[in-house]
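Here is a set of questions and answers for a reader meeting this structure now.

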Amino acid sequence: MKKILTLILSVIMLVNLSAFTSFANENVAARKISFEQMITRYFEHKDTTVVLNKAGKDITSEFFSYNTVNFNNGDYQAIRNYLESNVSNLSYRVESSIENRVAVNAMGTSKYVSDYTSMLISDKYGHKGYLTMEVGGTLIYNPNSGEILRAYNAKLVRSEYTDLQDWTLTSRNVRTSSSISPDKFKAFFTASLHSIGTYSYYTQEYDFGIHQYTVSAEAGN
């Protein structure tokens with residue numbers, strides 16, 4: 001009986017580790033950054049930045065073609081206007097590093113990846129700002145076949161808010177998950193949170209919605 005129970009627990013643990021893990025945290029501290037700080041990061045990482053319009057289409061080339069002059073001239077209001085009218089979210093790969101050799105049923109390579117992403121948020125009263133999230137996770141893969149053996153440790157590295165002066169913002173109900181595609185050649189790391197704001201010294205809470213971002217990664221650099 002003990003052997004059977006041990007086997008069942010082992011199978012459950014293997015499924016949880018390789019397929020999906022999730023947790024929740026009621027309240028995560030978030031800091032404020034200026035619009036200039038937020039947008040500068042994307043111009044400093046043009047090579048890995050992806051910009052999507054409100055229909056989910058890649059408009060990265062158009063974004064930089066239109067806004068590089070604005071950025072060089074310090075015209076952040078023009079960039080802000082462009083984002084509000086055209087952009088769903090911006091993102092870039094913060095880190096993709098091969099960590100070490102590890103054993104998971106077979107010899108594999110460990111890799112950590114994380115993305116930085118920003119999106120416009122608003123409440124029903126028309127208050128607007130930007131939420132920035134950094135989401136990351138670790139995958140282990142077979143260096144010969146490229147097959148992913150395990151995806152785990154999905155996490156919200158940080159959350160930041162922009163353009164909401166005199167507001168206090170919190171990121172609540174943070175949830176993360178790790179998963180592997182059916183063909184086992186892609187790993188996914190997802191983080192979601194609920195943005196809640198209070199204005200100045202008032203106690204009323206304003207709901208800026210639930211927001212989610214997923215990092216996808218493959219074997220190799």
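Q: Which residue's side chain makes a polar contact with the side chain of His127?
A: The two side chains come to 2.8 Å of each other. This is a predicted model. The partner of His127 is Asp123.

Q: Where does His127 lie?
A: His127 is partly exposed, with a relative accessible area of 28%. His127 is in a loop, and strand 6 covers residues 128-141. The loop runs between strand 5 and strand 6.

Q: How far apart in space are His127 and Phe208, C-alpha to C-alpha?
A: Leaving aside neighbours within four places in sequence, His127 is in contact with Ile121, Ser122, Trp167, Tyr206 and Phe208. In sequence, His127 and Phe208 are 81 residues apart. In space, their C-alpha atoms are 8.6 Å apart.

Q: What is the average pLDDT of the protein chain?
A: A score of at least 70 is reached by 81% of the residues. The chain average is a pLDDT of 84.

Q: How many contacts does the stretch of residues 1-19 have in the model, beyond near neighbours in sequence?
A: The pLDDT is below 50 over this stretch. Beyond near neighbours in sequence, the number of contacts is 12.

Q: How many aromatic pairs are there?
A: A pair of aromatic rings is described by the distance of the centres and the angle of the planes. Rings pair if their centres lie within 6.5 Å. By this rule the count is 16.

Q: Is the pair of Tyr92 and Tyr116 stacked, edge-to-face or tilted?
A: The ring centres of Tyr92 and Tyr116 are 5.1 Å apart. Planes under 30 degrees apart count as stacked, and over 60 as edge-to-face. The planes of Tyr92 and Tyr116 are at 35 degrees, so the pair is tilted.

Q: How many residues apart in sequence are the parts that Tyr92 and Tyr116 tie together?
A: Both Tyr92 and Tyr116 are buried. Tyr92 lies in strand 4 (residues 87-104), and Tyr116 lies in strand 5 (residues 106-122). The pair therefore joins parts whose separation in sequence is 24 residues.

Q: What is the angle between the planes of Trp167 and Phe208?
A: Trp167 and Phe208 form an aromatic pair, 5.5 Å centre to centre. The pair is edge-to-face. The angle between the planes is 85 degrees.

Q: Which strands hold Trp167 and Phe208?
A: Trp167 is buried, and so is Phe208. The pair ties together parts that are 41 residues apart in sequence. Trp167 is in strand 8 (residues 167-180), and Phe208 is in strand 10 (residues 205-217).

Q: Is His194 buried or exposed?
A: His194 is found in strand 9 (residues 187-199). Its side chain makes a polar contact with the side chain of Asp207, at 2.8 Å. The cut-off for buried is under 20% relative accessible area. His194 has 18%, so His194 counts as buried.

Q: How far is the charged end of Arg80 from the centre of the ring of Phe35?
A: In helix 4 (residues 76-86), Arg80 is one of the buried residues. In helix 2, Phe35 is among the buried residues. The charged end of Arg80 sits over the ring of Phe35, and the distance to its centre is 4.3 Å.

Q: What arc around the axis do the buried residues of helix 4 cover?
A: Tyr76, Ile79, Arg80, Tyr82 and Leu83 are buried in helix 4. They lie on the same side of helix 4, because the arc they cover is only 160 degrees.

Q: Which residues is Leu83 in contact with, leaving aside its neighbours within four places in sequence?
A: Leu83 lies in helix 4. At 1% relative accessibility, Leu83 counts as buried. The residues in contact with Leu83 are Phe35, Met38, Ile39, Lys54, Phe63, Leu90 and Tyr130.

Q: How many residues of helix 2 are buried?
A: Helix 2 covers residues 35-44 and is mostly covered. Among the buried residues are Met38 and Ile39.

Methods
Residues numbered from 1 in each chain as written. Predicted model: local features only at pLDDT ≥ 70, side-chain atom pairs only at ≥ 80, totals over all residues. Heavy atoms only, no water. Phe/Tyr/Trp six-rings, centres within 6.5 Å; stacked < 30°, edge-to-face > 60°. Helix = DSSP H or I, 4+ residues; strand = E, 2+ residues; numbered from the N terminus. Buried < 20%, exposed > 50% of the residue type's maximum accessible area, 1.4 Å probe, protein only. Lys NZ or Arg CZ within 6 Å of the ring centre and 35° of its normal. Polar contact = N/O pair within 3.5 Å; in protein donor to acceptor, adjacent residues only side chain to side chain. Contact = heavy atoms within 4.5 Å. pLDDT = per-residue confidence, 0-100. Arc of directions from axis to C-beta.
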